[in-house]
Amino acid sequence: MMLIFYIVCACIIFAGSGVIMQLNRLAIYRRRIIRHFAHINQKIPFILSDNQEQQIKQCFLKGISIQNCIDEL
């Protein structure tokens, strides 16, 4: 019985860590794009619109490189 409990716990932890890693990769991807645009407009703070946020998520999910995503934006 304990073996089944340990296996279930391990699966839950493994799935949870995968979700956290995916969110972390998306945050890094987003941060690099924002850093690129902030570097161009150094005097004005750069804020993404909701449409741009969605487009970044779509680029990330499709596996498009950061430079290509910047070109699309």
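Biologist: How many salt bridges does the structure hold?

Modeller: This is a predicted model, so read each contact as part of a prediction. The structure holds one salt bridge. Glutamate 53 pairs with arginine 30, and their closest N and O atoms are 2.8 Å apart.

Biologist: Which parts does the pair tie together?

Modeller: Look up the element of each partner. Glutamate 53 lies in helix H2 and arginine 30 in helix H1, so the bridge ties together parts that are 23 residues apart in sequence.

Biologist: Is glutamate 53 buried or exposed? And what about arginine 30, buried or partly exposed?

Modeller: Take the relative accessibility and compare it with the cut-off. Buried means under 20%. Glutamate 53 has 18%, so it counts as buried. Arginine 30 has 33%, so it counts as partly exposed.

Biologist: What does glutamate 53 touch, not counting residues up to four places away in sequence?

Modeller: Glutamate 53 touches Arg30 and Leu48. Leu48 is also one of the residues of the largest nonpolar core.

Biologist: Which residues make up that largest nonpolar core?

Modeller: Start with the general idea. In soluble globular proteins, nonpolar side chains tend to be buried together. Here the largest nonpolar core has ten residues. They are Leu26, Tyr29, Ile33, Phe37, Leu48, Ile56, Cys59, Phe60, Cys69 and Ile70.

Biologist: Which elements give two or more residues to this core?

Modeller: Helix H1 (2-40), helix H2 (50-62) and helix H3 (66-72) do. H1 gives the most, with four residues.

Biologist: Which residues of H1 are buried? And what covers them?

Modeller: The buried residues of H1 are Leu26, Tyr29, Ile33 and Phe37. Their cover includes H2 and H3.

Biologist: Take one of them. What is tyrosine 29 in contact with, leaving aside its neighbours within four places in sequence?

Modeller: Tyrosine 29 is in contact with Ile56, Cys59, Phe60, Ile64, Ser65, Ile66 and Cys69. Among these, Ile56, Cys59, Phe60 and Cys69 belong to the largest nonpolar core.

Biologist: How do I check the span of H1?

Modeller: Compare the expected span with the distance between the end C-alpha atoms. At 1.5 Å a residue, the 39 residues of H1 should span 57 Å. The end C-alpha atoms are 57 Å apart, so the two agree.

Biologist: Which residues form a nonpolar patch on the surface?

Modeller: Met1, Ile4, Val8 and Ile12 form one. Together they have about 480 Å² of accessible area. Valine 8 is a case to look at. It is found in helix H1. Its relative accessible area is 45%, so valine 8 is partly exposed.

Biologist: Now H3. Where is glutamate 72 found, and what does it touch, not counting residues up to four places away in sequence?

Modeller: Glutamate 72 is found in helix H3. It touches Gln55, Cys59 and Ile64. At 44% relative accessibility, glutamate 72 counts as partly exposed.

Biologist: Which numbers describe asparagine 51 and leucine 73?

Modeller: They are 22 residues apart in sequence and 9.8 Å apart in space, C-alpha to C-alpha. Asparagine 51 is found in helix H2. With a relative accessible area of 58%, asparagine 51 is exposed.

Biologist: And glutamine 58, where is its place?

Modeller: Glutamine 58 is in helix H2. Its relative accessible area is 40%, so glutamine 58 is partly exposed. Glutamine 58 and isoleucine 12 are 46 residues apart in sequence. In space they are 27 Å apart, C-alpha to C-alpha. Isoleucine 12 is part of the nonpolar surface patch.

Technical notes. Residues are numbered from 1 along each chain as its sequence is written. This is a predicted model: local features need pLDDT of at least 70, side-chain atom pairs count only at pLDDT 80 or more; totals for chains, interfaces and linings use all residues. Side-chain values use heavy atoms; hydrogens and water are left out. A nonpolar core is a set of buried Ala, Val, Leu, Ile, Met, Phe, Trp, Tyr and Cys residues joined through side-chain atoms within 4.5 Å. Buried means under 20% relative accessible area, exposed over 50%, partly exposed in between (1.4 Å probe, protein chains only). Contact means heavy atoms within 4.5 Å. The expected span of a helix is 1.5 Å times one less than its number of residues. Patches are made of residues with over 30% relative accessible area and no salt bridge: like charges are joined within 9 Å, nonpolar side chains (Val, Leu, Ile, Met, Phe, Trp, Tyr) within 5 Å. Accessible areas come from the Shrake-Rupley method with a 1.4 Å probe; for residues, only the protein chains shown count as cover. A salt bridge is a side-chain nitrogen of Lys or Arg within 4 Å of a carboxyl oxygen of Asp or Glu.
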